[in-house]
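Hi,

Here's the structure I promised to pass on. Have a look at it first, and then read my notes below.

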Amino acid sequence: MITRYRQMMVRNMVQPFRGGVLMKDTGDLISSLLAAVSDYGNINFSDGHVERWLEQFPAEHHKVILKELANVLGRSYLSRMEMKRMIGEITADANIFPDSVESVKFMDPRKAEGNQKMVLQMFDEALSEAYGISMAECGKGEVASYIYIDEAIWSGERFVDGLRRWVATFDDLQSIERLDIIVFAVHTRDLDYITAQMERLLPHTRIYLRHFIEFKNRLDDAKKVYEGYWPSSGIGYNEETTDYISRIVKMRSNVRDEGVPILRKSGHPKSDAYFTGAMNRKLVEKLFLEKGVEIVNHMMKPEVYMKPLGYDASRTLGFGSYYISHLNISDHCPLVMWWEEGGWYPLFPRKGN
C-alpha cells in the first residue's frame, strides 16, 4: 500500500491578473513575467531576452502570450527560496526521520545527474545545518528506511527505471521495510501506472510518496480539469500542424483515439486555475503547438519522442508540463520554451541532463 502525502504550502505567488485589472502595456506584462521567474539559473532574465523570444510569434499575439505566461508561471514556477523552504520542512519532518538521521539511507546519491543532483546537494546542505551530518554519512549502520529524492515526477519512466535498477541490487527485498519518495511536484497522468510498478517491485515495503505541488493532467479527467498544455479541438491550425496531427492520429488505435482524443474537446476543462480565460488558453496552446511543429519538422537530429509540447513516449502532441524551477526546465515542457537549434531562441535555456 502506497501512502500519499501532499504537503500544502502558502506560496508567494505572482498574481498580476486577478481582481479584474488587466495590464495592457507590454512593458508591464514583461515585468510581471520577470517577477515570476527572475531567479532562473541558466540566463540573466531581462526585458531584451523576453522580447527576443517573443518576436518569434506574430506581433498581434504578444500581449496575450505574456499575460498568460505570467499567470501560468506565477502559479507553477518554483523559486530557489521556495525550494529551500520545502527542503527545510522535509528535513524537520519527524515522520521521515522518526528516530535518527543516521538510520536513514539515501538512494544512490552519487549516481544522480542533472536537476536531481542539484536537489540532492541542497538536501545535503540542509542536513548538515539541521543535524551536523552529511548525506554520505547516513545509513552506515542499521537502516530503518530509505529515501528517494528528485525534483518532480512526470511520466515516471525515468523514476521506474531507476527504481528497478536499485531494487535489483538487493538479495532480500524484505530488508527494505520503508521507502520515502520525496519530490516537489507530481503530474497525475501516469501516477496509477507508477504506483502499480512500485507495489510490484517492492511488495513488502511501506512506501510513502510526499509532494508539495500536484498537476492534475490525467487525460481522461480533462472534462473537469487539465493542468498542462493540451491544444483544443474546434479551432483551425495551419497546414503544417494539421498534417503533423494526422500523422500522430494514424499511429493511434481507434479505441485510444476515442477514449483520449489527441486534441482536448472544446469546452473542456470546466475549471482552470492557470489561464485567465478559455479563449486565451486556446490561442496560446495553438501558437505553442504550431511553432513546436515547425521545430520538430526542422530538427537536425529528429527524436521520435520529442513532440511539439515536450518529450512524451505516448502518442500525444507532447507532455505539456507547466512546471519550471530555478534549477532548470524539463524537456517535458513545450519546445518553444527551451529548444535552441535551427535558429529558435529559447525563453528558458536548458542545461543538458
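In helix α2 (residues 47–54), the buried residues are H49, V50, W53 and L54; buried means under 20% relative accessible area, with a 1.4 Å probe and protein chains only. They sit on the same side of α2 because they cover an arc of only 130° around the axis, taken from the directions from the helix axis to the C-beta atoms. These buried residues pack against α1 (26–37), α3 (62–76), α10 and α11 (335–338), where contact means heavy atoms within 4.5 Å. Helices here are DSSP runs (H or I, at least four residues) and strands are E runs of at least two, numbered from the N terminus.

Quick note on the source: this is a predicted model, where local features need pLDDT of at least 70 and side-chain atom pairs count only at pLDDT 80 or more, while totals for chains, interfaces and linings use all residues. Residues are numbered from 1 along each chain as its sequence is written, and side-chain values use heavy atoms, leaving out hydrogens and water.

Now for α10 (residues 278–297): its axis comes within 9 Å of that of α8 (residues 239–250), crossing at roughly 75° (axes are lines fitted to C-alpha atoms, for helices over the stretch in contact, with angles from 0 to 180 degrees between N-to-C directions). So α8 is roughly perpendicular to α10, the word for 65 to 115 degrees. On the α8 side, the residues in contact include Y244 and I245; on the α10 side, they include L289 and V293.

Last one: R210 is found in strand β8 (residues 206–211) and is buried, at 3% relative accessible area.

Cheers

Note on methods
Parallel < 35°, antiparallel > 145°, perpendicular 65-115°, else oblique. Buried < 20%, exposed > 50% of the residue type's maximum accessible area, 1.4 Å probe, protein only.
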